[in-house]
Amino acid sequence: MWDLITLIHTNTHLKVDDMPTIGFEIKRKCKVCGKVFVAKTLDSHYCSPKCGKVAWKRKKDVKDRNAKLEAIARQVSDIREYISVKEAVAMFGVERGTLYRLIKLGRIPVINMGTRLTRIKRSEMERLFLNRAESIAEKEKPVPKTYYCCPIKLFEAKQN
């Protein structure tokens, strides 16, 4: 058996000759830069270590931002009728730009108490949006995958 496998030691790594190789390549698109690359393992999602570090940094930033927003949402008392835009973003998981757009369109009633002191009616926000925890749970629901062997039109025709 050992005569089929020849191990050649080089300065950089151990190389194996005459080993059977996999007969196909797995091509993937990098989740960071979009470049198509050949995956070295089944778990490869990034084309380079640099893209892997960028993805890790982005995940860490999102985690830190969510932790800050959770802290802000916990500090808001339940008896307050009007909340600030920052508190609304933290409590309901809505982007700031979306809130300002809805305010500009007149869909959310607000009170402007001065420069940078916009207050949003809490009951209206509760009517329009889910709480932050509910919206995160809604986003994490897996989308069911449906696969058909034939075109959908043919599939529907067979059912009728």
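What span should the 27 residues of α1 have at 1.5 Å a residue, and how far apart are its end C-alpha atoms? The expected span, defined as 1.5 Å times one less than the number of residues, is 39 Å for α1, and the end C-alpha atoms lie 39 Å apart, which agrees. Helices are DSSP runs of H or I with at least four residues, numbered from the N terminus.

The model is predicted, so local features need pLDDT of at least 70 and side-chain atom pairs count only at pLDDT 80 or more, whereas totals for chains, interfaces and linings use all residues. Residues are numbered from 1 along each chain as its sequence is written, and side-chain values use heavy atoms, without hydrogens and water.

Beyond its neighbours within four places in sequence, I83 is in contact (heavy atoms within 4.5 Å) with residues including V76, A88, F92 and I120.

Zero disulfides (pairs of cysteine sulfur atoms within 2.5 Å) are found in the whole structure. C30 is buried, at 4% relative accessible area, and its sulfur is 3.7 Å from that of C33, the closest cysteine sulfur, too far for a bond. C33 is partly exposed, at 44%; the cysteine sulfur closest to its own is in C47, at 3.6 Å, again too far for a bond.

Definitions and conventions
Helix = DSSP H or I, 4+ residues; strand = E, 2+ residues; numbered from the N terminus. Buried < 20%, exposed > 50% of the residue type's maximum accessible area, 1.4 Å probe, protein only.
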